[in-house]
Amino acid sequence: MRRFLLLALPLLVLAIAVFHFALEALGLSDSAALAVPLGGAGLGHLPAWALAGTWVLEALALTALFLMVHASGPARPAWWLDGLLVGWLAWVFRGPLLVVTLVAAAGVRPGPWWTLCLDWLVLYSLCGLLLGALAQTAARDRSRGDRPLPGEPGP
């Protein structure tokens, strides 16, 4: 489990960072259009430390959620099922519920937010699949002395 955690957190932070970089490089990130209806406070730009901190928090939360889902119930037939389940569970709160809350509470235009919401669906699905693949690899390596993930039988 230690190896899983040591690999999962940096892997997810890297995946989130690369995903955001790709969106900006391809011109698909429209942060100015998202910030203007909210008063244009800083035009949506966070300091680098705050942005990196949110990515670490997201990675930590996704990993914890994955471990809870993976440990509950019987073993699933495919590693990717746990990963997608975790990604989509997390996306519900980061995606549609956030958009509905912003539209209802702040009265912003929903268009750019729904586009961002779909981008987050791709990101969280990818992160969930990465966690599932990493757990599958960790399960194979547990014979080398690493403790099993919660919910998995011991050596």
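Okay, so let's start with two helices: the axes of α1, residues 2-25, and α3, residues 48-71, come within 9 Å and cross at roughly 130 degrees. Those axes are lines fitted to C-alpha atoms, for helices over the stretch in contact, with angles running from 0 to 180 degrees between N-to-C directions. Helices here are DSSP runs of H or I, at least four residues, numbered from the N terminus.

Quick caveat: this is a predicted model, where local features need pLDDT of at least 70 and side-chain atom pairs count only at pLDDT 80 or more, while totals for chains, interfaces and linings use all residues. Residues are numbered from 1 along each chain as its sequence is written, and side-chain values use heavy atoms, with hydrogens and water left out.

Back to the pair. α1 and α3 are oblique to each other, meaning the angle is not under 35 degrees (roughly parallel), over 145 (roughly antiparallel) or 65 to 115 (roughly perpendicular).

Who's touching whom? On the α1 side, the residues in contact (heavy atoms within 4.5 Å) include F4, L5, L12 and I16, and on the α3 side they include W55, V56, F66 and L67. By class, that contact has 15 nonpolar, two polar and one charged residues.

Now L14, also in α1. L14 is exposed, with a relative accessible area of 53%; exposed is over 50%, buried under 20%, partly exposed in between, with a 1.4 Å probe and protein chains only. Its C-alpha sits 9.6 Å from that of V56, 42 residues apart along the chain.

Last, cysteines. C117 is buried at 1% relative accessible area, and C127 is buried at 1% too. The disulfide count is zero, taking a disulfide as a pair of cysteine sulfur atoms within 2.5 Å.

Notes
Ala, Val, Leu, Ile, Met, Phe, Trp, Tyr, Cys and Pro count as nonpolar, Asp, Glu, Lys and Arg as charged, and the others, Gly among them, as polar.
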